[in-house]
Amino acid sequence: MLSHIHIKNFAIIKEIDIDLNDNLNIISGETGTGKSIVIQAINMALGGRGSASFVSEGANKALVQLVFSLDERERELIGDAVSLSDDDLIISREFNKNGKSLARVNGEIVNLSALASVTRHLMDIHGQYDNQTLMNPENHINIIDSLDQKILPAKENLAKTFGEYRGIKQELNKIINNRAEFLRKQSFMQHELNEINAADIHAGEDEELTEQLNILQNSEKIFSALSESYEILYNNPLNKSLFLMEGISQYSTSYAEIAENLAGCVYTISDICDEIRRARDEISFSPDEIDSAIKRIDMLDNLKMKYGNSLESVIAYRDKCAAELELCENIDDREDGLKEKLAVLEKQVILQSKELSELRKKSGKKLAELMTKELQELNFANAQFDVSFETNKLPSGQPALSANGTDKIEFLFNANKGGTLKPLAEIASGGEISRISLAFERITNDSEGVATMVFDEIDTGISGITASVVGRKMHQIAENHQIICITHLPQIAAAGEHQYLISKDDSDDRSYTTIKLLSEDERVSEIARLLGGDNITEITLASARELLTSFHDKK
């Protein structure tokens, strides 16, 4: 459960600390005092999108800290996502004026993804946006899918099979739609392939030819240099030095060492001399060789201009042409093979879609039963709730296969005796939507097991007896969950075990939000204000006491 909230320099909140209790915690206050800002701050701390605009004027940063007291189940859900040294989990989020934010869990800096992986097990915030989600039929299939753990694996299997099916279908359609183009290109590609194959090229040949041509075109200069070098080295003056040193090497080890080094030099020069001689003898002065090299280079340049900037690219293009020609030559066999694969995969997709649909129908039936029961407890005596299942179809009448199945799901609702079930989005009023949303939260949170629930503006569009019924339902939910509820209705406020008052402090040069836990007498006064406005009389005070007493006597 959320045991403590600390907020500093956040919007019109200078600094507040709230110690929360389990069960139903009520937050009330006049319009504009900052009730929703507290919820915004909590949402930011949980990983919601932050903004520099939330930092109070005159401050450099805003800070929100949440302290959760964890039970064993919550510790297991969090697992190894963060280090847990004791039963408390402290979440901190700072927002700077420059727009940057910093999140910490138990003092360790974490990214928002890691933060969300922790907080999703601890708290849910529900407001008007959740009502909009519920009223959008496109979201209904996702709601159904979230209610049964067996559905997710079935969806994943279907998505994998459909991905293979779609890939084969796209390949088959490409062959069918481009058959004429394939056949037209076949002759042209064969011509290109023949031209490249006839050239009998290899990678790097153009560089080799360029080097060879450079030698041929400068052969006279090269031959002269090699010949003169050979003559110089052939008459090696070191030979005589070696002869003389060997003659005295017996008289001193140092002389012998010099003779040995000279011998090495003589042998090295001899080897170099042989290499120069061979290079000289290989020099050719044939004009035909020069012409042949120039023509070969021109031919290679022509191929590179047509098929790539390098011989490696030309070779790659050759291999591509060969592969596409093989495909063209076997196009009928390829098409038949793809059709067989497609037929097998289509049967698998249809079967898996039916299996997924059956799971969804079971989930929908269970939801309809639970929702009808919950709605009747929320003062919908004649309420009916059901889930409509249809099959998405193509214009041809065939099921429209997809990675998410073939189901079209929509929630149906009827509040009146003898009425007809109609789409929820078309007939529910504001007050009905609030109660329907509350029923959904009761069902979904019982299945998900989130310990703390926050309700903001759940009482929109309701009053009187319905408000009392909603209060009792929230009190019922609070038996197994911690609830924090912002309300302006006395009937819901009276349902709470604890009540906090948010107000504005105008004593300084700037208005700030404050919050306090109300005593029993203060709570009576606040509920009296909710009943009758600022004109609190003995009658409204008596009514407030009666409302509190009657509710808690019947809890």
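**Entry 1: Gln499**

I began with Gln499, which has its place in strand 14 (residues 498-505); helices (H or I, at least four residues) and strands (E, at least two) are DSSP runs, numbered from the N terminus. I was working in a predicted model, in which local features need pLDDT of at least 70 and side-chain atom pairs count only at pLDDT 80 or more, while totals for chains, interfaces and linings use all residues. Residues are numbered from 1 along each chain as its sequence is written, and side-chain values use heavy atoms, with hydrogens and water left out.

Is Gln499 buried or exposed? Gln499 counts as buried because its relative accessibility is 1%, where buried means under 20% relative accessible area, exposed over 50% and partly exposed in between (1.4 Å probe, protein chains only). I then found a polar contact of 2.8 Å joining the side chains of Gln499 and Arg523. A polar contact is a pair of N or O atoms within 3.5 Å; within protein, one must be able to donate a hydrogen and the other to accept it, and residues adjacent in sequence count only if both atoms are side-chain atoms. Not counting residues up to four places away in sequence, Gln499 touches Ile26, Ser28, Ala493, Lys516, Leu517, Leu518, Arg523, Glu526, Ile527 and Leu530, contact meaning heavy atoms within 4.5 Å.

Beyond the residues up to four places away in sequence, Arg529 touches Gly29, Glu30, Asp534 and Ile536.

Phe551 has its place in helix 20 (residues 538-553) and is buried, with a relative accessible area of 5%. Its C-alpha atom is separated by 8.6 Å from that of Gln491, 60 residues apart along the chain. With residues up to four places away in sequence not counted, I list Gly471, Arg472, His475, Ala494 and Ala495 as the residues that Phe551 touches.

Leaving out residues up to four places away in sequence, Leu367 touches Ile144, Leu147, Phe385, Val387, Phe411, Phe440 and Ile443.

**Entry 2: Helices**

I followed the axes of helix 10 (residues 238-248) and helix 11 (residues 253-282), which come within 9 Å and cross at roughly 155 degrees, so that helix 10 is roughly antiparallel to helix 11. Axes are lines fitted to C-alpha atoms, for helices over the stretch in contact, and angles run from 0 to 180 degrees between N-to-C directions; those under 35 degrees count as roughly parallel, over 145 as roughly antiparallel, 65 to 115 as roughly perpendicular and the rest as oblique. Helix 10 passes helix 11 in a left-handed crossing, a crossing being left-handed if the near helix is turned anticlockwise from the far one by less than a right angle, and right-handed if clockwise. Among the residues making the contact are Leu238, Leu242 and Met245 of helix 10 and Tyr255, Leu262 and Val266 of helix 11.

Helix 6 (residues 151-177) and helix 14 (residues 331-377) have axes that come within 8 Å and cross at roughly 155 degrees, which makes helix 6 roughly antiparallel to helix 14; their crossing is left-handed.

I noted helix 1 (residues 35-45) as mostly covered, since eight of its 11 residues are buried, including Ile37, Val38 and Ile39. Just after helix 1, Gly47 takes a positive phi of about 115 degrees.

**Entry 3: Loops and positive phi**

Most residues other than glycine have a negative phi. I found Asn9, in strand 1 (residues 2-10), with a positive phi of about 55 degrees although it is not a glycine. Asp200, in the loop between helix 7 (179-199) and helix 8 (205-217), has a positive phi near 50 degrees and counts as exposed at 60% relative accessibility.

Gly419 lies in the loop between strand 10 (407-414) and strand 11 (422-423) and counts as partly exposed at 28% relative accessibility.
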